[in-house]
Amino acid sequence: MPKLFFALPLPELAPALIDWREQHPWPGLPVPEINLHLTLAFLGEADEATQARLIAAAEQQHCPPFTVRLDQTGWFARAKAAWVGPREWPNELNVLARALRRHGEKLGLGNGEQGYRPHVTLSRKANEAPSELLAPDFEVQADRFCLYRSVSTPDGVCYEPIACWPLRA
Ligand code: 2AM
């Protein structure tokens, strides 16, 4: 069964994030541009019927568009993921992430994680944190969110959008 997650796609921002990463010392294996996203809720493995229910639930989800500033670097030591993320973020992002996580939990999905730390992973297998002296400054104009499926290919993992919805009040 495929692994699913909800995320904000970053089509406008991804090329600038890649440029920035290439211009600065950055640990680990680069995440390809096409895979850059900001996770809202990790769901894990789900069958077709559960996937259809998630889609139906997401269709009913209302959230106004919002902006997230990515102005900090970070590192998840256990996952060896090096990222950029916001120091502070709008409450709309928390509310949306929580609602999507709950949709998953009602269907028995999720990893039971309570804390939400928005971030965009720029590299994996990073054995050290990126320098805290780096000063990223990007803006995500969030106007839609997607349900993704994580697919393993011979060239590595690939994140395929299954369905996307506009953010609207
Ligand atoms: P990451 O960016 O921090 O690696 C698809 O795998 C997405 O879901 C990635 O963005 C990844 O976060 C996130 N993810 C994968 N496994 C997860 C888990 N067990 N708990 C929370 N998020 C997870």
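This is a predicted model: local features need pLDDT of at least 70, side-chain atom pairs count only at pLDDT 80 or more; totals for chains, interfaces and linings use all residues.
Which residue in β9 is the bridge partner of F5? The partner is Y148.

**Overall build**

The protein chain holds three helices and 10 strands. Along the sequence they follow the pattern β-α-β-β-α-β-β-β-α-β-β-β-β. The radius of gyration is 16 Å, close to the 15 Å that the globule rule gives for 169 residues, so the chain is as compact as a globular protein of that length. The C-alpha trace spans about 45 × 40 × 30 Å along its principal axes. Of the 169 residues, 28% count as buried. Take the contacts between residues at least 6 apart in sequence: 79% of them join residues at least 24 apart.

**Strand pairs**

| Pair | Residues | Bridges |
|---|---|---|
| β1 and β9 | 3-9 and 144-153 | five |
| β9 and β10 | 144-153 and 156-166 | 10 |
| β6 and β7 | 81-85 and 120-124 | three |

Strand β9 pairs with β1 and also with β10. A hairpin of two residues leads from β9 into β10.

**The nonpolar core**

In soluble globular proteins, nonpolar side chains tend to be buried together. Here the largest nonpolar core has 36 residues. Within it, F6, A7, L8, L40 and V120 touch the most other members. Two or more core residues come from each of β1, β3 (37-45), β4 (66-70), β6, α3 (91-106), β7, β8 (138-142) and β9. Strand β1 gives the most, with five residues.

A7 is one of the core residues that touch the most other members. What does A7 touch, leaving aside residues up to four places away in sequence? The list is H37, L38, T39, L40, F145, C146 and Y148.

**A closer look at V68**

V68 lies in strand β4. Is V68 buried or exposed? It counts as buried, because it has 21 C-beta neighbours inside 10 Å and the cut-off for buried is 20 or more. Beyond residues up to four places away in sequence, V68 touches P86, W89, P90, L93, P118, V140 and A142. One of these, L93, is 25 residues away from V68 in sequence. In space, the two are 8.3 Å apart, C-alpha to C-alpha.

**Around the ligand**

Which residues are around the ligand? They are F5, T39, F42, A79, A81, N111, E113, T121 and S150. The shell divides into four nonpolar residues, four polar and one charged.

How values were computed: Residues are numbered from 1 along each chain as its sequence is written. A residue is near a molecule or strand if its C-beta atom, placed from the backbone, lies within 6 Å of it. Ala, Val, Leu, Ile, Met, Phe, Trp, Tyr, Cys and Pro count as nonpolar, Asp, Glu, Lys and Arg as charged, and the others, Gly among them, as polar. Two strands pair if DSSP finds at least two bridges between them. Helices (H or I, at least four residues) and strands (E, at least two) are DSSP runs, numbered from the N terminus. A nonpolar core is a set of buried Ala, Val, Leu, Ile, Met, Phe, Trp, Tyr and Cys residues joined through C-beta atoms within 7 Å. A residue is buried if 20 or more other C-beta atoms lie within 10 Å of its own, exposed if 12 or fewer, and partly exposed in between; C-beta atoms are placed from the backbone. Two residues are in contact if their C-beta atoms, placed from the backbone, lie within 7 Å. The radius of gyration is taken over C-alpha atoms; the globule rule is 2.2 Å times the number of residues to the power 0.38.
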